[in-house]
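Try each task before you read its solution.

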Amino acid sequence: IQKLCDRVASSTLLDDRRDAVRALKSLSKKYRLEVGIQAMEHLIHVLQTDRSDSEIIGYALDTLYNVISNDLEEEEQEENLPKQVDDLGSQFTEIFIKQQENVTLLLTLVEEFDFHVRWPGVKLLTSLLKQQGPQVQQIILVSPMGVSRLMDLLADSREVIRNDGVLLLQQLTKSNAAIQKIVAFENAFERLLDIVTEEGNSDGGIVVEDCLLLLQNLLKNNNSNQNFFKEGSYIQRMKPWFEVGDDNCGWSAQKVTNLHLMLQLVRVLVSPTNPPGATSSCQKAMFHCGLLQQLCTILMATGVPADILTETINTVSEVIRGCQMNQDYFASVNAPSNPPRPAIVVLLMSMVNERQPFVLRCAVLYCFQCFLYKNQKGQGEIVSTLLPSTIDATGNSVSAGQLLCGGLFSTDSLSNWCAAVALAHALQENATLKEQLLRVQLATSIGNPPVSLLQQCTNILSQGSKVQTRVGLLMLLCTWLSNCSIAVTHFLHNPANIPFLTGQIAENLGEEEQLVQGLCALLLGISIYYNDNSLENYRKEKLKQLIEKRIGRENFIEKLGFISKHELYSRAAQKPQPSFSSPDHMMFDHEFTKLVKELEGVISKAIYKSSEEDKKEEEVKKTLEQHDNIVTHYKKVIREQDQELEELKQRINTLTSQNEQLQATVTQQVSQIQQHKDQYNLLKVQLGKDAQHHNSHSETFQMNGIQMEEASKLKEELEEWKNKHELLQGQLREKDSVIEKLKSSQLEMGTTEQSLQTSKSGGLEHNNELQKELEMLRSQIQLQSAEISKLQIENQKLQVMNTTADPVLGDSGATAANNSELEGRLEQQVKELKSEVKALSEEKESLKQHLDSSSSTVAILQDEKSKLQQEVAESKKEQDDLLVLLADQDQKLSALKIKLKDLGVPVEDEDDIESGDQGDEDEDGDEEEQD
């Protein structure tokens, strides 16, 4: 080796150096340490100086790879060797990368197209990254275009280099977000997905597996790349991966591995640890492109290997978790059975079946939890299958609720735990369903009355079953009772529950039972904290006193702390997916750990609080509720005002737009009018010019002809005006006749006045008013007659003007020379006629108004006249009645006088009596007048 190193260093001939490097390469596998120590420096020098000869460069790179790499042949490996090998590789890598120029030199050699240089260069760089990843990553990151140069390997047409390039990028992108981003933005997703498609998707070989591992490196825990992957519509390209045929027998190991990695890649995009917004957008994209539907097809397919089925269930779980649209779709999926059953029911059957693999049962539980996560609609559907009104009486179909109840009370403790946790998720953050579940009744045995679900849970607890079953039931009860005072009241209503809990907490049991004690303490604490004091024997204060006497506050808090200190609790709190190494470790649910964190401190405070503090707290709660109500009211008012403002803004916008349109039309019309005016003026000017310049006989004849036409038109117009004038005269005559009628009616009214005055003395005042109104009417009629006489005079004038206009028209036809003068006169006369007709029409309108008013007053007067006549008739009747009465009284008086005289009583003279009677009559007359 020393001689060969000397030859490499000192030989001037290239062939000698090449042979020496070839010999070192052959020795480098067996004598790795010696070659590495003695030859590394010389080999690096060869890389720097002999770049023109690709052969020697290839040998040097291969030798360095053999020295640095730990991939030894199997026959050379021994038991005590691996540790030493690891040390050697990392030590030689440290020596090589001490000089950063060596890595930069290697990057330039990888750019060479020559296969004998590029391939060993890629392998050496991959080995360096395996040994000292972070350091080599940093050197590549700071070297100019370092990552971009390596990305070109994916485009190499030689499959060996392309495939090794994928392995190199796998090592390069491990745990380095900056490099991951650069690789992603260098179009890595497009190239890798193309390779996967070319290789046959899930049916491809190990190259597909390597590409999928590289994709996982790029996407896992890298929000930027995940977003880029989604925005680039690469999720849609994943759908063909899961198109599994009907014939699912004979899956190769490579296909199972590939499909497993593909499912994991989907899960990376929708992992619950990702930001919620990013996860939600990926979930929606998977639904819209049909990826979720494809996964559900695999889920319900037959002949799918168990591990693929389990991973598919986990993938579907995370695709639907917290996404209402996907959860609704999953609820509608049916298994291809006869009759078809919902996928949820089929999966729950697997969960409560103890013969199914443990991993599969965990996956189904996770799927059910994800289906119910933030899905109140789904929760309601599950709970409704337990309620008495919705249970299928025929028993043909098994519902989800029946399966859960069956699992809850089966002999298998794992089924008990899974069913309890599943049911707890159906109640999570849903107070109405907690109340609804209290209605569920169970028929325990024939002949016995049905028992409520809550009662049955507490009965099984008190019977002392397996720890796993009791933990599951206690978790269900804690979830059920938390934040539901009615459920707490139902629980306390059973007199055996509180003594059982206090007994469990007070005992000193082994380590296994400590967890049950902690959960019992939590349940008792919930019963105190959410107690509404509706039961007198189990008020908050009494329960606190019971804890003080039987357990002791400090002891109670210590037992409560057993939950959060448990190792299995901290494991469950890490992530939502239930992942347990064995069924015995299946104790805590992730959502329940959140509830414990929330309640532990609150219950500890509640135990130490006095009754006065409780009262104060309740008062504070009430005031807070009132404030909340006020705030919500104001929010509502503000919302309404906002809506009104928006509507008004919209109206303003529409009005402004209309205004602008109208203004535009107005300006347009003004411009058009101006154009017409200009055209008119131009025409007038042109006509004037034509009249001046063209004096020939033919032209004058044409002009005369035009003027004759115009004169005939004017004649026609005059005829029209005459007709109109005659119509007006006829109307005036009608008005005259109406006025005459009014005058005659006035005379009749005068006669009625006299008769009224003579007939009744009591209605004088009323008649005066009527006389005044009649005087007003007379004056109005006189005015109207004056106006009519004026109109008649004007009419005569118009007739004179018409007669004067006719001979003028006659002359105009005869003499062509006076046409222009005639036109002017005619125009003037027509204008005057128009104005006079207009004045006449206006006066006609005013006359109409006067006539209307006079006719209305006449009607009023006639009404009053009829009333007066009625009153006169009534007064006549009354006078006749009075005369009859007076005659009767006279007869009676005379009879009485005779009787008195017979009796010898002195009687007054007749004159006195007559005077007295006269006075009485006057009084009666006055009274009648007053009436």
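Of the 931 residues in the chain, 42% are buried. Keep in mind that this is a predicted model.

**Exercise 1. Get an overview of the chain**

How many helices and strands does the chain have, and what share of its accessible surface belongs to carbon and sulfur atoms?

*Solution.* Start with the secondary structure: there are 39 helices and four strands. Next, take the surface, which comes to about 51500 Å², with 51% of that area belonging to carbon and sulfur atoms. Finally, look at the contacts between residues at least 6 apart in sequence: 73% of them join residues at least 24 apart.

**Exercise 2. Classify a ring pair**

How are the planes of Phe 185 and Phe 228 arranged, and why?

*Solution.* The structure holds 13 aromatic pairs. In this one, the ring centres of Phe 185 and Phe 228 lie 4.6 Å apart and the planes meet at 35°. Planes under 30 degrees apart would count as stacked and those over 60 as edge-to-face, so the pair of Phe 185 and Phe 228 is tilted.

Now place the two residues. Phe 185 belongs to helix α11 (residues 177-185) and Phe 228 to helix α14 (residues 223-231), so their pairing ties together parts that are 43 residues apart in sequence.

Then check accessibility. Phe 185 has a relative accessible area of 52%, so this residue is exposed. Phe 228, at 25%, counts as partly exposed.

**Exercise 3. Find charges over rings**

Which ring lies under the charged end of Lys 123, and which under Arg 321?

*Solution.* For Lys 123, the charged end sits over the ring of Tyr 65, at 5.1 Å from the centre. For Arg 321, look at Tyr 373: the arginine lies over the ring face, 3.8 Å from the ring centre.

**Exercise 4. Examine a nonpolar patch**

Which residues make the nonpolar surface patch of about 310 Å²?

*Solution.* The patch is made by Ile 630, Tyr 634 and Ile 638. Take Ile 630 as the example: this residue lies in helix α35 (residues 611-693). Its relative accessibility is 44%, so Ile 630 counts as partly exposed.

Methods: Residues are numbered from 1 along each chain as its sequence is written. This is a predicted model: local features need pLDDT of at least 70, side-chain atom pairs count only at pLDDT 80 or more; totals for chains, interfaces and linings use all residues. Side-chain values use heavy atoms; hydrogens and water are left out. Patches are made of residues with over 30% relative accessible area and no salt bridge: like charges are joined within 9 Å, nonpolar side chains (Val, Leu, Ile, Met, Phe, Trp, Tyr) within 5 Å. Accessible areas come from the Shrake-Rupley method with a 1.4 Å probe; for residues, only the protein chains shown count as cover. A salt bridge is a side-chain nitrogen of Lys or Arg within 4 Å of a carboxyl oxygen of Asp or Glu. Helices (H or I, at least four residues) and strands (E, at least two) are DSSP runs, numbered from the N terminus. Buried means under 20% relative accessible area, exposed over 50%, partly exposed in between (1.4 Å probe, protein chains only). Contact means heavy atoms within 4.5 Å. Rings of Phe, Tyr and Trp (its six-membered ring) pair if their centres lie within 6.5 Å; planes under 30 degrees apart count as stacked, over 60 as edge-to-face and the rest as tilted. A charge sits over a ring if NZ of Lys or CZ of Arg is within 6 Å of the ring centre and within 35 degrees of the ring normal.
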